[in-house]
Every structure is written in C-alpha cells, then in structure tokens.
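Today I opened my notebook to look up a few things in a structure and write them down as I went. Come and read along.

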Amino acid sequence: MRSSRWAPIAGWCAATATSIVLASVALLPVLRTSSPDDRALAQLPAADSSAFPAPLPSVTTPAGPATRKPPPATTRPTTTKPATTTTPPRPTTTTPRPDATTTTAPATTEDGWTVTTDGDGKRTYVRSFRVEGGQAVIRTTSDGVVSLVTATPADGWSVQKVQDSPGNLAVYFNETQHSFIIHATWFNDRPFVQVSEVGS
C-alpha cells in the first residue's frame with residue numbers, strides 16, 4: 001500500500017527532471033551564439049564597458065559542457081587633465097622713500113657749538129675744547145645727554161673721564177700736580193661748559 005501511494009509522485013519528479021535536462025540541452029546552441037564576441041567588446045568605447053553585468057557562474061548540465069562565461073568587464077581608463085601653466089607675476093619696483101627721522105637740517109652755529117636738527121626735532125650740539133693739557137670734543141643733545149666724542153692729551157699729559165650721570169661730564173687732563181678740567185652739563189635747555197685749571 002505504501003509503495004503504490006508514492007508511485008505517482010516519483011513518476012512526476014522523474015518527468016520534471018527529464019524536461020529540465022532536455023530544455024537545457026536545447027538552449028545550449030542559443031546561449032553560445034548569443035554570447036558577446038571578444039572582438040565586439042574590444043570595439044566598444046571605454047565609457048560603455050562598465051554597463052556589462054558581472055560574469056555569471058558556469059552551469060554544468062549532464063548533457064553538455066559548462067556554458068561559456070562572458071568576458072570580464074573592462075576597467076574604465078582614467079583621464080588626466082593637462083597641466084595649466086600660469087605666467088609668474090611681474091616684479092614691481094618701488095622707489096624707497098626717504099625716512100623723515102634720518103633727514104637732518106643744515107648745521108648752524110650757536111655760541112661756538114655746531115648744531116644740527118633731525119626730522120623729530122631733536123637738536124645735537126658738538127664743540128671742540130683745547131687746553132694746554134690736550135683737546136676734547138664734547139657732544140650734547142636736546143634731551144639732556146652729554147657725551148665725550150674724543151679726548152687727545154698733549155705730550156706728558158694723561159686724560160681721565162668722569163661721568164656720574166648722563167647729563168654731567170668732566171674731562172681731566174693731568175700732569176704732576178697740574179690739571180685742566182672741562183666740565184660739561186645740560187643746563188637751562190642748552191649745553192653749559194666750564195673750563196678750569198688746578199695746580200701749576
């Protein structure tokens with residue numbers, strides 16, 4: 001009873017398998033002729049080759065060999081843009097302007113002092129003093145600074161500089177028990193110098 005019950009189902013499965021095999025064998029020539037040719041694919045532009053689908057897996061049937069795989073999709077070539085060249089900018093030449101702080105007015109003379117004025121209005125006083133013991137050049141500025149430019153002692157004399165503040169300077173020309181003193185200060189908005197002799 002059990003064998004007769006499953007007999008129709010087994011017969012139906014056998015018939016279905018036979019029809020699948022026969023249909024596959026019949027479609028093999030069609031599949032072979034419809035596969036794309038390698039030469040035709042090579043003539044396609046690179047932009048359209050990306051539209052091909054991925055290759056299908058091969059199917060093996062009992063009645064024939066595996067179906068032919070379509071050729072792999074070709075990669076799209078990369079295009080590079082030509083490098084653009086730019087012309088370098090032309091160098092610009094500028095004429096330097098004179099700095100106002102470095103320009104000075106013509107020198108003038110006031111009470112034996114040579115006076116110059118810079119662009120900021122700062123005045124500089126320079127004067128040379130000569131005594132028996134030597135010669136000294138002293139410079140003072142309108143901001144109250146007194147400085148020694150040069151000091152040259154005479155033969156047999158020595159020179160000594162004493163300055164206890166920027167606005168107070170003394171230059172000594174000395175010999176044994178004999179000295180000349182040039183004392184320079186900034187006083188009442190102008191340079192003041194006193195020359196004195198000590199000993200004999």
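This is a predicted model: local features need pLDDT of at least 70, side-chain atom pairs count only at pLDDT 80 or more; totals for chains, interfaces and linings use all residues.

I started with Lys122, which is partly exposed at a relative accessible area of 34%. My cut-offs: buried is under 20% relative accessible area, exposed is over 50%, and partly exposed is in between, with a 1.4 Å probe and protein chains only. Residues are numbered from 1 along each chain as its sequence is written, and side-chain values use heavy atoms, with hydrogens and water left out.

**Entry: salt bridges**

Which residue forms a salt bridge with Lys122? I found Asp143, with the closest N and O atoms 3.4 Å apart. Lys122 lies in the loop between strand 2 and strand 3, and Asp143 in the loop between strand 4 and strand 5 (146-153), so the pair ties together parts that are 21 residues apart in sequence. Asp143 is partly exposed too, at 48% relative accessible area.

I wrote down what counts here: a salt bridge is a side-chain nitrogen of Lys or Arg within 4 Å of a carboxyl oxygen of Asp or Glu. Side chains of opposite charge can pair when their charged atoms come close. The structure holds three salt bridges.

Next I looked up Glu110 and Arg123, whose side chains meet in a salt bridge at 2.4 Å, N to O. This pair links distant parts of the chain, with Glu110 in strand 1 (residues 108-110) and Arg123 in strand 3, 13 residues apart. Glu110 is partly exposed, with a relative accessible area of 29%, and Arg123 is partly exposed at 26%.

Then I turned to Asp111 and Arg190, which meet through their side chains in a salt bridge of 2.1 Å, N to O. Asp111 lies in the loop between strand 1 and strand 2 and Arg190 in strand 9, so the pair ties together parts that are 79 residues apart in sequence. Asp111 is exposed, at 54% relative accessible area, whereas Arg190 counts as partly exposed at 41%.

**Entry: positive phi**

Most residues other than glycine have a negative phi. I found Asn188 in the loop between strand 8 and strand 9, and it is exposed, with a relative accessible area of 62%.

I needed two definitions first. Helices (H or I, at least four residues) and strands (E, at least two) are DSSP runs, numbered from the N terminus. Two strands pair if DSSP finds at least two bridges between them.

Strand 2 (residues 113-117) pairs with strand 3 (residues 123-131) in the antiparallel sense, over four bridges. Which residue of strand 3 is the bridge partner of Thr116? I found Thr124. The hairpin of these two strands has five residues between them, and Gly121 takes a positive phi there, near 85°.

Strand 3 also runs antiparallel to strand 4 (residues 134-141), joined by eight bridges. Thr124 has Thr141 as its bridge partner in strand 4. The hairpin from strand 3 to strand 4 goes through two residues.

Leu169 has Ala184 as its bridge partner in strand 8.

**Entry: the whole chain**

Last, I stepped back. The protein chain has two helices and nine strands, and from the N terminus on they run α-α-β-β-β-β-β-β-β-β-β. Of its 200 residues, 18% count as buried.
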